[in-house]
Amino acid sequence: MQDFADMRSMGSYIDHFIATAVTEKITALTAETYLEDLAKRGSREKYEAVLAKVPDVEPESYDRLPLN
């Protein structure tokens with residue numbers, strides 16, 4: 001009887017593993033499609049126009065990258 005319980009437990013684990021793997025794959029494919037669609041709507045000119053609005057100043061001390 002213990003073997004049957006162990007097999008049911010293992011089956012439940014495998015079902016959960018497969019469901020999680022499928023969910024992750026669908027999420028990745030959905031994200032990829034979303035990002036591709038978003039990229040198609042963008043333009044280099046708009047990107048450069050927004051970037052030109054950023055002031056050319058040194059970052060605050062708390063926002064600097066460490067040197068090491």
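How many salt bridges does the structure hold? I looked this up first, and the structure holds 1 salt bridge, meaning a side-chain nitrogen of Lys or Arg within 4 Å of a carboxyl oxygen of Asp or Glu.

A note on what I am reading: this is a predicted model, where local features need pLDDT of at least 70, side-chain atom pairs count only at pLDDT 80 or more, and totals for chains, interfaces and linings use all residues. Residues are numbered from 1 along each chain as its sequence is written, and side-chain values use heavy atoms, with hydrogens and water left out.

**The salt bridge.** I found Arg-44 paired with Glu-48, with 3.0 Å between the closest N and O atoms. The two sit 4 residues apart in helix α2 (residues 44–52), so about one helical turn separates them. Arg-44 counts as exposed because its relative accessibility is 55%, while Glu-48 is partly exposed at 43%. (Buried is under 20% relative accessible area, exposed over 50%, partly exposed in between, with a 1.4 Å probe and protein chains only.)

**The nonpolar patch.** Next I turned to Phe-17, which lies in helix α1 (residues 2–41). Phe-17 is exposed, because its relative accessibility is 53%. Phe-17 belongs to a nonpolar surface patch with Met-10, Tyr-13, Ile-14, Ile-18, Val-22 and Ile-26, about 710 Å² of accessible area together. Patches take residues with over 30% relative accessible area and no salt bridge, joining nonpolar side chains (Val, Leu, Ile, Met, Phe, Trp, Tyr) within 5 Å and like charges within 9 Å.

**The whole chain.** I noted 2 helices and 0 strands, both being DSSP runs numbered from the N terminus (helices H or I, at least four residues; strands E, at least two). Of the 68 residues, 0% are buried.

Methods:
Areas by Shrake-Rupley, 256 points an atom, 1.4 Å probe, with all protein chains shown as cover.
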